[in-house]
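Take a look at the fold below. We will walk through its sheets first, and then its helices.

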Amino acid sequence: MTKPKTKTEYVGLLVIGDPHIEGRQPGFRKDDFPNVILRKVEWCLQYAQTNRLLPTFLGDTFDKPRDNPTWMLGRLIEMMSGVDSIGIYGNHDCADPTLNDHDSLSILIKAGCLRLVSEQSPWKGTMNGRKVLVGGSSYRQSIPEEFNLPASQPKTLFDSDPFVVWITHHDIDIAGYENGRFKPYEIGNVDLLINGHIHRRLETVQAGSTTWMTPGNISRRSRSEANRNHKPTVLRIDVQSNQHTITDVEVPHEPHNEVFHDSIIEPQVTQSSSNFVAGLAELTARRTESGAGLHEFLAENISQFEPAVAREITSLANEVTDTGEMKNGE
Ligand SMILES: [Mn+2]
């Protein structure tokens, strides 16, 4: 049953990066990912409520934009309907360039579980007595050079020195991320920008009066070495009359080796096709739902075949695993 909303006097924000909720196991995860990630989101919502923080989602709430299991959408509506949450949409939330009624996230928005923020429609309120604005740019929406309220709204708001936060889901060029398209810059009237999309935590960059942060996501989706040290955390931002404090809050999670299968394939090129077949046989010992091991194995070994044969093997692998090419996990 859905719960009535409680009116909260907020003291800050709880910023949640890229949950990538989905109904099946990503890559080499061996735990019950669909329920594990739902419990993490629920933990975040409860922590936010207990501490009077506004839950703020950085996009990629869903991993697959459409056809998510109905039980999962139901659970989300149950846990989110009692709380106000704000957010933006990410590249994984929409199948087309912009979010529309066919995408699962639209159900949460229509059910009143999540309110999208944008340049035209920021969240406005008071936290600990200070005026706060939270605007955002969803995936593919431009990030402003200066944030101003529409002409119809009182400009005097900025005279009271509000705390202004901007949330984004973009390829920002920060050390440690190779797909960056632009560097952090000062955004007029914006104090703090927090970006989702990049799943690793990156260093904070100061650009004039705007601070740019990359907290990383709350679910570990790839088994990479870099991910071994990633601790799923959310950002707690406490707002005071003339300053704010940012604290990392670790989301309860299991150790890396308990959520991922061990690697069983040595990164070496198999010399003959009989070894290739033996390698494939070994893979069946560890079937992952998305066929992650198969794609990794093929990437390592396919070059030994004639191009036409290699193409046929790849196309068959894509067909049986239903995942298509292995794509960038962000
Ligand atoms: Mn993502």
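**Sheets and helices**

Strands β5 and β6 (residues 130-137) pair in the antiparallel sense, over five bridges. Two strands pair if DSSP finds at least two bridges between them. Strands are DSSP runs (E, at least two residues), helices are runs too (H or I, at least four), and both are numbered from the N terminus. Within this pair, G125 stands opposite V132 in β6.

This is a predicted model: local features need pLDDT of at least 70, side-chain atom pairs count only at pLDDT 80 or more, and totals for chains, interfaces and linings use all residues. Residues are numbered from 1 along each chain as its sequence is written.

Now widen the view. β5 belongs to an open sheet of six strands, ordered β5-β6-β7-β8-β10-β9, with mixed pairing. Its edge strands, β5 (123-127) and β9 (202-207), each pair on one side only.

Another open sheet of six strands runs β4-β3-β2-β1-β11-β12, again with mixed pairing. Here the edges are β4 (115-116) and β12 (244-250). Strand β11 (residues 233-239) joins β12 through seven bridges, and the two run antiparallel. V239 stands opposite H244 in β12.

Next, the helices. Helix α1 (residues 33-50) and helix α2 (residues 70-80) pack at about 10°, with axes 10 Å apart. Axes are lines fitted to C-alpha atoms, for helices over the stretch in contact, and angles run from 0 to 180 degrees between N-to-C directions. That makes α1 roughly parallel to α2, a term for angles under 35 degrees. P34, L38, V41, E42 and L45 of α1 meet M72, R75, M79 and M80 of α2. Contact means C-beta atoms, placed from the backbone, within 7 Å.

Methods
Parallel < 35°, antiparallel > 145°, perpendicular 65-115°, else oblique. Contact = placed C-beta atoms within 7 Å.
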